Amino acid sequence: MTTLDAERRTAQPSVPAQSAVARGWPAWLLLAAVVLLAFNLRPAVSGLGAVLDELSTDLGVSALVAGVLTTLPVLSFAAFGAMAPGWSRRFGSRRVLAAALFAVVAGQLVRVLVPSVPVFLLATTVALAGMAAGNVLVPAFVKAYFPGRVGLATAAYTTSMAVGTTVPAALTVPIAHAFGGWRFGLGAWALAGAVALLPWLVLARHRGVVARPAGPGSTGTAGNRHESLWSVGRSPLAWSLAGYFGLQSLQAYAAFGWLPQIFRDAGVDAAHAGLLLAILPLVGVPLSLLFPSLAARLPDQRPLVWACGAAYVVGYVGLLLAPASGAVAWAILLGLGGGAFPLTLTMIGLRSRSHDVTARLSGFTQSVGYLLAACGPLAMGALFDVTGGWTVPIGLLLVLVVPQVATGLMAARARYVDDELAAADDPDAGNAVNAVDPAEEISR
């Protein structure tokens, strides 16, 4: 065997013989549990926005507190998401995910039972903490338990997450009207979370056995398994993923926060503006199903990065030139640009060899990314106040597509964060591993 052949073998990830790595648990049960959990990672946010006006009137919520409620999700995702990999190493991913889902259910339930603004904020934070842990640990769970089917499993849970964004936004108000108020509208999603919690209570009883890849390129081995989340920052690839995730999230939060007002100021009536906003998550459902599987089959994901960037550019130019007459087309294009979200989640799994590195990479990417994303809605509002119109704020989002595509292209090349971390620790070993093109890895 030549030296190159040896390097080629060690450069490729080792896939366990069992697709569902936990011994004794069928793959369908694990995937069904992931899909149910993913559905519940957004209703506490998307449902809240639908009844925020009624809630504010009932509880006496000030404009300042309402602003805190709209900013709290992204800040919580950044803060609690950073803690999730450490919790997973200490208690096991299935136990942490079960606890995270329990927090989502308890937080949503408490906030509709207690007529207190401080308790409402605290309970919402508890629910968001559970959602943040789920955001970070589900990609690592998929990497660990479906190492040969990353694209398929990612497609399943990102589609469920997209549905979990769209359905509560559409049904919270009808449920509230049918049963007597916003508390029932929001409380319904706590019941949905309780159903999803059942299989996780079963799975959490045993940690199971997770096979880990071996070889110099696998930084998820026991020797460095307990490195901190921020140690991933030694990898330029990790920073490019964080930048891409953050900039696409900034675009999404800016659109969800301000797009209805942009359409209304252009002459579109309020009801129509709300329906136009609903187009974005609706478009995201098929993209969440298609992009992960497609991304896993491509040699690298740069064509998808270009496609999402182009959709954003055309959509924003359309908003600037003819916001009302082409409103449906612009909303669809912005929804297509949002395909960058499932694409990024897929790349987190594709750009790492071991599930431990995947967990740290996911936490790093989302924590840094959500902090960046928090600037989007705030910057849009500030620019509108200064300029008195939407040309400059939309122009800012258009300009930001350039660094988004640039970081996406860097993240989409077929490389591994594990290899860059190995190179940082031992340049000679890192060069040996990186001598092989990772595009030659086994099919995912």
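Modeller: Before we start, two residues are in contact when heavy atoms of theirs lie within 4.5 Å. This is a predicted model, where local features need pLDDT of at least 70 and side-chain atom pairs count only at pLDDT 80 or more, while totals for chains, interfaces and linings use all residues. Residues are numbered from 1 along each chain as its sequence is written, and side-chain values use heavy atoms, with hydrogens and water left out.

Biologist: OK. What does valine 35 touch, not counting residues up to four places away in sequence?

Modeller: Valine 35 touches Ala156 and Ser160. Its C-alpha atom is also 7.9 Å from that of methionine 161, a residue 126 positions away along the chain.

Biologist: And where is valine 35 found?

Modeller: In helix α2, residues 27-39. Helices here are DSSP runs of H or I with at least four residues, strands are runs of E with at least two, and both are numbered from the N terminus.

Biologist: Which residues of α2 are buried, then?

Modeller: Leu29, Leu30, Ala33, Val34, Leu37, Ala38 and Phe39. The buried residues of α2 pack against α3 (43-50), α6 (93-113), α7 (117-145), α8 (150-179) and α9 (182-203).

Biologist: You mention α9. What does alanine 190 in that helix touch?

Modeller: Alanine 190 is in α9 and is buried, with a relative accessible area of 4%. Leaving aside neighbours within four places in sequence, alanine 190 is in contact with Val105, Gln108 and Leu109. The C-alpha atoms of alanine 190 and valine 104 are 7.5 Å apart, although 86 residues separate the two along the chain.

Biologist: Zooming out, how many helices and strands are there?

Modeller: The protein has 19 helices and 0 strands. Of its 444 residues, 55% are buried. Among contacts with a separation of 6 or more, 84% are between residues 24 or more positions apart.

Biologist: Which residues of α16 are buried?

Modeller: Gly376, Met380 and Gly381. Seen down the axis of α16, these buried residues fall within an arc of 130°, so they line one face of the helix. The arc is taken from the directions from the helix axis to the C-beta atoms.

Biologist: What do they pack against?

Modeller: Against α10 (236-265), α15 (355-373) and α17 (391-412). The face of α16 turned away from the buried side carries the exposed residues Leu378, Asp385 and Val386. Just after α16, glycine 388 takes a positive phi of about 75°.

Biologist: New topic: how many aromatic pairs are there?

Modeller: The count comes to 11 aromatic pairs. Rings of Phe, Tyr and Trp (its six-membered ring) pair if their centres lie within 6.5 Å; planes under 30 degrees apart count as stacked, over 60 as edge-to-face and the rest as tilted. For tryptophan 258 and tryptophan 390, the centres are 5.4 Å apart and the planes at 50°, so the pair is tilted.

Biologist: Where in the chain are those two?

Modeller: Tryptophan 258 is in helix α10 and tryptophan 390 is in the loop between α16 and α17, 132 residues apart. Tryptophan 258 is partly exposed at 25% relative accessible area, and tryptophan 390 is buried at 10%.

Biologist: Why is the pair of tyrosine 312 and tyrosine 316 called stacked?

Modeller: Because their ring planes are at 5°, with the centres 5.7 Å apart. Tyrosine 312 and tyrosine 316 are 4 residues apart in helix α12 (residues 302-321), which means about one helical turn separates them. Tyrosine 312 and tyrosine 316 are both buried.

Biologist: Which residues form the aromatic cluster?

Modeller: Phe77, Phe245, Tyr253, Phe341 and Tyr370 form one.

Conventions
Buried < 20%, exposed > 50% of the residue type's maximum accessible area, 1.4 Å probe, protein only.
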